[in-house]
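These are my notebook entries on one protein chain. I kept to what could be looked up in the coordinates.

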Amino acid sequence: MLAVLSPGQGSQKPGFLTPWLDLSGTEARLREWSALAGVDLLHLGTAADADEIRDTARTQPLLVAAALLAAEHLPMDGVALTAGHSVGELGAAALAGVLSADAAITLAGVRGREMAAACALEPTGMAAVLGGDPDEVIAAIEANGLYPANRNGAGQIVAAGALDGLDKLAAAPPARVRVIRLQVAGAFHTPYMAPAETALAAEAAGITPADPARTLLSNLDGTAVDNGAAMVQRLVRQVTAPVRWDLCMRTLADLGVTGVIELPPAGTLAGLVKRELKGDGAPEIVTLNTPDDLPAARDLIARIGGRS
């Protein structure tokens with residue numbers, strides 16, 4: 001079984017879409033989607049610096065656009081499963097047929113703007129908590145009034161909440177733990193994002209989803225969702241709910257996934273999969289970052305996709 005993964009915020013790099021402009025239709029597609037997203041995706045993907053593409057309002061639609069743009073050049077009929085991390089779920093939902101590409105871009109634009117606005121209401125942040133016993137880490141996070149916003153597996157949990165709570169966690173971490181502050185605007189995937197969830201729900205109410213045409217995993221609990229309307233509800237809920245990427249990877253293993261393609265900007269999710277799904281059953285992985293990687297991705301689909 002072959003899976004295509006769509007990355008989330010933090011994976012972007014300056015100029016990462018520049019090589020894709022060599023492919024016919026790319027510039028026109030980005031301009032079309034820019035109108036839907038309310039940001040200049042062509043500029044952001046090619047000329048913007050790191051600070052500019054760190055802005056949540058810009059980053060989120062940029063990442064969804066990048067994933068969908070690259071997937072247009074893959075034989076997706078051979079792909080059995082899609083999943084995305086955080087905002088990457090919108091791209092995964094589009095690739096599964098739940099949303100149109102235009103709807104996914106539109107929702108990403110609203111999601112990014114509203115989460116950025118929610119971040120401005122109160123000073124909050126996030127920190128990666130690396131290593132240690134997971135139960136002890138969760139207990140320490142909650143003891144400091146924080147939330148486990150991302151459980152990424154491979155010894156990585158992300159804490160989110162008030163800045164003083166993050167400071168206290170860093171000053172007295174659990175045993176064998178490193179705490180690294182993340183350069184983000186606020187506490188994503190926590191109750192602090194409630195206004196953004198409400199705004200996204202209002203926008204999503206105007207969309208008529210379809211049931212997925214392939215297996216689609218949810219960050220909420222790692223399960224495969226077979227109902228389009230239920231998936232849209234989960235996408236909205238995910239704004240304030242923790243990202244359980246650890247459970248998504250467990251489902252990849254349980255389903256016997258033997259091949260993984262990560263869409264651009266690729267590397268983060270591939271690294272987590274490599275560290276978590278090891279041994280004889282480890283999947284073959286292709287990181288798709290430029291058009292030069294398309295032959296390897298197509299070859300993987302041809303070899304593994306046909307056995308899905």
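Predicted model: local features only at pLDDT ≥ 70, side-chain atom pairs only at ≥ 80, totals over all residues.

Which residues of helix 6 are buried? In helix 6, residues 134-143, I found Val137, Ile138, Ala140 and Ile141 to be buried. I then looked down the axis of helix 6: its buried residues fall within an arc of 165°, so they line one face of the helix. On the face turned away from the buried side of helix 6, I noted the exposed residues Asp135 and Ala143.

I next asked what covers the buried residues of helix 6. The cover includes strand 3 (124-131), strand 4 (147-153) and strand 5 (156-162), together with helix 7 (163-171) and strand 6 (177-181).

I checked both ends of helix 6. Just after helix 6, I read a positive phi of about 75° at glycine 145.

I took the division of the protein as domain 1 (2-119 + 190-304) and domain 2 (124-182). The contact between them takes 13 residues from domain 1 and 13 residues from domain 2. Over C-alpha atoms, I have 25 Å between the centres of domain 1 and domain 2.

In what order do its five strands run? I found the order 7-2-1-8-9, with parallel pairing. Strand 7 (215-216) and strand 9 (284-287) stand at the edges with a single partner strand each, so one side of each has no neighbour in the sheet. I followed strand 7 to its partner: strand 2 (residues 81-84) pairs with strand 7 in the parallel sense over two bridges. Leucine 81 is opposite threonine 215 of strand 7. Helix 4 (residues 88-95) packs on this sheet and touches strand 1 (2-6), strand 2 and strand 7. I noted about 160° between the direction of helix 4 and that of strand 2.

For helix 9 (residues 228-237) my list of buried residues reads Gly228, Met231, Val232, Arg234, Leu235 and Val236. Their cover includes helix 4, helix 8 and strand 7. Asparagine 227 caps the N-terminal end of helix 9, where its side-chain oxygen lies 3.1 Å from the backbone nitrogen of alanine 229.

Arginine 176 has a positive phi near 60° and lies in the loop between helix 7 and strand 6. Is arginine 176 buried or exposed? Arginine 176 counts as exposed because its relative accessibility is 64%.

Histidine 189 has a positive phi of about 60°. I located histidine 189 in the loop between strand 6 and helix 8 (194-204). With a relative accessible area of 3%, histidine 189 is buried.

Finally, I recorded a cis peptide bond between proline 264 and proline 265, with omega about -5°. Proline 265 is in the loop between strand 8 (259-262) and helix 11 (268-276).

Definitions and conventions: Residues numbered from 1 in each chain as written. Heavy atoms only, no water. Buried < 20%, exposed > 50% of the residue type's maximum accessible area, 1.4 Å probe, protein only. Helix = DSSP H or I, 4+ residues; strand = E, 2+ residues; numbered from the N terminus. Arc of directions from axis to C-beta. Contact = heavy atoms within 4.5 Å. Pairing = 2+ DSSP bridges. Axes fitted to C-alpha atoms, helices over the stretch in contact; angles between N-to-C directions. Domains from an automatic or database assignment. Polar contact = N/O pair within 3.5 Å; in protein donor to acceptor, adjacent residues only side chain to side chain.
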